[in-house]
Amino acid sequence: MILVAGYSRRWISDDGLIYVRAVEQILEGNGPVFNAGERAETSTGTLWQWLLTVVGFVLPDSLPQLAVYLGLGFAGAAFALGVTASQRLHGGAPVPAGVVILLALSPMWDFATSGLETGFAFAWIAGSWWLLVHSRDSDRETHFGLAFVFGLGPLVRPDLALVSIVFLVALWLLHRPARRTTIAMLGVAGALPVAYQIFRMGYYGILVPLPAISKEASGSYWLRGFSYFFDLFLTYGAIIPVGIVLWVGLRRHYNRSDRVLVFAPVIAGALSMVYVIKVGGDFMHGRMLLPGLLLILLPFFCMPRPANPEMMKWASAGLIGWALLSAALLRPIYAPHFGPMGVADERSHYVNSTHVVNPISKRDYVEAQPEKRNWVRAAEGELVFALEKPRTEPLAPHREERVAFVWPVLGTAGALTTLDETVVDPIGLSYPLAAHLELTDRGGRVGHEKKLPRVWITADYGAPTKENEAARRALSCGALAELQESVRAPMSWERFVDNFLGSFGRTTLRVPADPVAAERLFCGG
């Protein structure tokens with residue numbers, strides 16, 4: 001069913017197009033960047049980016065569609081793995097339970113595709129638990145392979161490192177290997193993530209993907225996070241069926257190994273949800289809570305039949321009734337597509353803005369922006385601001401690109417420009433200077449609160465003026481100048497080492513929005 005529902009609502013989000021441009025830059029030979037000549041890691045799903053790169057070698061002109069259909073395939077695999085693993089756990093002829101809840105939620109249909117790493121994350125989560133369930137009957141030699149798979153969490157998405165930790169602990173509790181074996185398994189689990197982390201620190205010069213700095217992912221905004229949680233669970237009334245399934249499932253009597261297999265995903269899912277709530281949620285309706293919900297329900301995708309036939313009848317009727325109501329009628333009520341605190345029904349927004357039922361190509365997004373497309377095509381040696389009314393300024397003499405396009409709708413902006421043209425993102429998902437801006441107001445849309453003032457952009461990309469003089473001086477001083485060098489200086493072994501050693505301090509660097517204050521901070525005086 002997830003394949004049918006996901007296919008009927010197939011689409012690629014604007015954020016999915018961010019992945020597409022990064023992969024195109026890799027295939028073009030410019031490295032894993034968004035803009036040629038500036039090292040910025042825009043892809044939070046590292047493995048998803050490189051998987052798209054591999055398949056992109058075969059069909060480079062169909063990357064958006066590949067992202068859509070690969071995501072759908074992974075989502076379908078996740079449900080198949082979850083069902084078979086829960087059947088194996090409970091034995092006998094268990095009946096569908098938790099899987100029905102997930103299938104009834106329309107955000108699950110939307111993010112089965114979207115071009116993002118979500119479907120891939122579902123498959124890694126369900127596949128890891130499937131391996132954990134089957135590991136009870138496996139040889140000790142295979143445990144190193146399991147440790148390697150479980151350790152991939154932070155490369156699937158950084159926040160899934162929590163899931164990796166819980167699953168690795170569960171693997172240890174199931175088999176209690178000797179100390180030397182445990183250390184070796186930890187080494188195997190961390191080998192690829194640690195290797196990539198060394199690359200990230202040396203190549204990008206920071207500790208985390210750039211969006212984590214732009215969105216201040218280490219901060220806390222509990223109130224907005226709980227609003228995001230209830231935006232999902234109250235919209236569909238999902239608290240009741242989820243609560244009942246957990247209450248019934250967790251009260252059953254399990255042997256020691258079964259308890260490990262049941263509680264590992266439940267604990268991991270709870271930690272995942274708490275983290276999402278802590279950082280303030282997300283701007284896409286339901287998206288960031290879906291992996292946690294999948295984890296919590298995995299052991300109860302299928303459950304043993306109740307001993308009481310009457311209870312079985314009423315429980316089945318209630319669950320099916322809720323599922324039909326949720327699938328057919330329950331949807332977020334936003335005006336028109338944006339709800340409280342900037343949470344959005346992203347798919348509906350882009351379906352309406354592109355006027356395409358299933359927008360799955362760059363062309364769908366480009367043709368929906370004819371004015372901005374014309375601005376980009378008409379520019380020559382110009383910095384084009386498309387935030388509101390079009391405004392152009394000359395590019396600095398040392399800039400080699402034909403146009404630098406300033407627009408925070410990053411994926412679509414990347415589709416409107418060629419790979420050798422620059423997209424300037426004032427909210428900082430691809431622009432290091434904007435990402436390191438001080439966050440002074442958390443009242444805006446989640447992850448979009450930072451907005452680099454225009455004067456900084458003209459100082460960095462445009463011609464010198466009296467207005468941007470203070471910003472230009474600040475950019476040439478101290479830690480701010482070193483930040484610019486870390487992402488723009490030609491890559492060499494010396495640059496890699498300097499980036500690596502400075503990555504700790506550079507990650508915490510923040511730039512005042514006021515150029516005069518920044519000049520005093522970085523230049524002294």
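Predicted model: local features only at pLDDT ≥ 70, side-chain atom pairs only at ≥ 80, totals over all residues.
Close-up 1. As a general point, an α-helix has 3.6 residues a turn, so residues three or four places apart point the same way.

**Close-up 2. A cluster of rings.** A search of the whole structure turns up 18 aromatic pairs. Ring pairs join Tyr196, Phe199, Tyr203 and Tyr204 into a cluster.

**Close-up 3. The largest cavity.** Two cavities of 30 Å³ or more are found, and the largest has a volume of about 60 Å³. Sorted by class, the lining of the largest cavity has seven nonpolar, two polar and two charged residues.

**Close-up 4. The second largest cavity.** This one has a volume of about 40 Å³. Around the second largest cavity you'll find Glu117, Thr118, Ala121, Arg157, Arg287, Met288 and Pro291. They split into three nonpolar, one polar and three charged residues. Keep Arg157 in mind for the next view: besides lining the second largest cavity, Arg157 is among the residues closest to the centre of the largest pocket.

**Close-up 5. The largest pocket.** The largest pocket has a volume of about 890 Å³. It is lined by 41 residues, and those closest to its centre are Thr44, Arg157, Pro158, Ala212 and Ala217. The elements that put two or more residues into this lining are α2 (14-28), α9 (153-156), α11 (179-203), α12 (210-214) and α15 (256-278). Of the contributors, α11 gives the most, with five residues. By class, the lining of the largest pocket comes to 23 nonpolar, eight polar and ten charged residues.

**Close-up 6. Alanine 212 by the pocket centre.** Alanine 212 belongs to helix α12 and is one of the residues closest to the centre of the largest pocket. With 23% relative accessibility, alanine 212 counts as partly exposed. Phenylalanine 122 is 90 residues from alanine 212 along the chain, and their C-alpha atoms are separated by 21 Å.

**Close-up 7. The second largest pocket.** Here the volume is about 760 Å³. Of the 26 residues that line the second largest pocket, Ile244, Val248, Pro306, Ala315 and Ser316 lie nearest its centre. Two or more lining residues come from each of β1 (95-96), α14 (239-251) and α17 (309-328). The largest share belongs to α17, which brings nine residues. The lining of the second largest pocket divides into 21 nonpolar, two polar and three charged residues.

**Close-up 8. The buried face of α8.** Helix α8 (residues 143-150) has His143, Leu146, Ala147 and Phe150 buried. Looking down the axis of α8, these buried residues fall within an arc of 100°, so they line one face of the helix. That buried set packs against α7 (118-134), α9, α10 (161-175) and α11.

Close-up 9. In helix α20 (residues 370-378), the buried residues are Lys372, Trp375 and Val376. Seen down the axis of α20, they fall within an arc of 95°, so the buried residues line one face of the helix. Glu371, Arg377 and Ala378 are exposed on the other side of α20. The cover over the buried residues of α20 includes the strands β3 (382-385) and β5 (403-406), along with helix α21 (410-416).

How values were computed
Residues numbered from 1 in each chain as written. Heavy atoms only, no water. 1 Å grid on protein atoms, 1.4 Å probe; cavity = no way out; pocket = protein on both sides within 12 Å on 5 of 7 lines; lining within 4 Å. Points joined across faces, edges and corners; volume = space filled by probe spheres on them. Helix = DSSP H or I, 4+ residues; strand = E, 2+ residues; numbered from the N terminus. Nonpolar A, V, L, I, M, F, W, Y, C, P; charged D, E, K, R; others polar. Buried < 20%, exposed > 50% of the residue type's maximum accessible area, 1.4 Å probe, protein only. Arc of directions from axis to C-beta. Contact = heavy atoms within 4.5 Å. Phe/Tyr/Trp six-rings, centres within 6.5 Å; stacked < 30°, edge-to-face > 60°.
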